[in-house]
Amino acid sequence: MFLITWLLGGTVPTKKTIKTYEYKSPPLSLFERLFLDKFWAALPGAVYPPWLAPNVITLAGLGCIIIAIALVLHHSPALDGAAPAWVYAAVGVLIFLYQTLDGSDGKQARATGTGSALGELFDHGVDSITVVLIAVCVQDAARVSYTDETLWLCVAASTCTFYLSNCSLVAFGRQQFFDVDVQELIVCLTVLCLYCGIVGATSAPRWMITGSLGCMVLNCLQLIWKLRDTEYLGRRCKALAAIAGGVAINAATIKQVSQEPFFATVPLVCCIAAAAGDLSRRLLLQRVADLPEIVDFVTPTGLLLWALALWPGRTRVVAAAASLAFYGVAASRTVVATAGALGVNALTVPNVRRSSRVRTPRGSSTSSAF
């Protein structure tokens with residue numbers, strides 16, 4: 001029984017264990033204060049109809065990034081900037097759409113009065129996957145190449161930063177953001193991709209890549225310092241290190257396991273995304289329900305990530321498919337169970353006629369709040 005529960009992603013919320021939800025606005029970053037927050041707040045009512053569920057907006061944002069990574073991996077599987085210029089222009093537009101959808105789904109939730117723990121779980125679960133995929137897209141635009149360990153270290157660092165930000169959400173009831181944070185980074189990455197859409201992929205100076213990596217490491221250290229006295233920090237950091245270690249060992253062996261770039265990179269990207277998503281899902285369950293702390297150092301997706309480092313040839317796609325399947329089942333169980341415990345539908349707005357007006361939220365802050 002324990003093995004089955006472990007394979008399915010662990011314990012899920014019930015009506016007895018679900019917590020009372022309270023949303024606390026995180027501090028706004030620089031670009032949010034200047035223009036992003038006002039732009040996102042204007043979308044409910046003006047663009048979004050009242051019957052549009054916030055979680056559908058969240059899924060649409062995920063769809064944008066899936067299309068972006070599919071374009072990149074199809075045209076440039078070696079992640080060396082081989083894609084035509086229009087691909088990078090499309091990726092820039094898709095990242096902008098993702099940021100807009102991700103920033104306004106919480107506004108729609110508050111405007112329609114459908115805020116719940118499920119929305120927050122849904123939103124942050126999607127973000128934990130997209131940070132991986134966006135990092136890969138941008139590294140390709142910078143022509144880093146899949147054989148360069150720095151590419152995968154940047155992917156691991158972005159995963160660590162987002163996970164630790166979610167640790168602050170669980171520990172303090174709201175995420176900890178700095179004046180220059182993820183929204184500013186996404187704007188810069190969007191501009192970079194649009195620029196590459198005009199001139200083609202550009203070899204970024206080495207100092208720029210290592211500088212970006214250093215900034216993410218510094219951000220992680222700042223978050224760890226803020227979290228230093230919180231419960232379970234040691235265990236959570238060990239679980240995070242297990243995923244980061246899996247990425248690092250794959251970076252060291254990727255040249256040997258496959259000479260075909262497509263079968264080297266695509267399975268690895270899938271396994272990292274699945275492992276990162278599952279890691280955040282397990283953490284965020286502590287936010288929505290009174291459950292035992294699920295910090296397993298050995299998880300199905302994590303095991304497959306480590307195994308991939310020695311998995312040769314085209315059969316690597318088997319590991320990728322299995323990892324996505326494990327995460328898909330665990331995420332689906334979590335969403336269905338949480339929705340059932342709350343008595344809500346994840347993808348609809350209850351009792352709203354299509355002719356109704358939406359209340360535009362005022363004084364409400366940032367992106368992923370439900």
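Predicted model: local features only at pLDDT ≥ 70, side-chain atom pairs only at ≥ 80, totals over all residues.

User: In which helix does Ile 129 lie?

Analyst: Ile 129 belongs to helix H6, which covers residues 117-141. Its relative accessible area is 14%, so Ile 129 counts as buried, the cut-off for that being under 20%. Which residues does Ile 129 touch, once neighbours within four places in sequence are set aside? The contacts are with Leu 62, Ala 273, Gly 277 and Tyr 327.

Now for the rings. There are three aromatic pairs in the count. One of them joins Phe 31 and Phe 35, a tilted pair with 5.5 Å from centre to centre and 35° between the planes. Both residues sit in helix H2 (residues 30-41), and because they are four residues apart there, about one helical turn separates them. Phe 35 is partly exposed, at a relative accessible area of 41%.

Phe 262 and Phe 263 form an edge-to-face pair, because their planes meet at 80°, with ring centres 5.3 Å apart; edge-to-face calls for planes over 60 degrees apart. Phe 262 is partly exposed at 39% relative accessible area, whereas Phe 263 is buried at 17%.

Finally, a charge over a ring: the charged end of Arg 228 is placed over the ring of Trp 225, 3.9 Å from the ring centre.

Note on methods:
Residues numbered from 1 in each chain as written. Heavy atoms only, no water. Helix = DSSP H or I, 4+ residues; strand = E, 2+ residues; numbered from the N terminus. Buried < 20%, exposed > 50% of the residue type's maximum accessible area, 1.4 Å probe, protein only. Contact = heavy atoms within 4.5 Å. Phe/Tyr/Trp six-rings, centres within 6.5 Å; stacked < 30°, edge-to-face > 60°. Lys NZ or Arg CZ within 6 Å of the ring centre and 35° of its normal.
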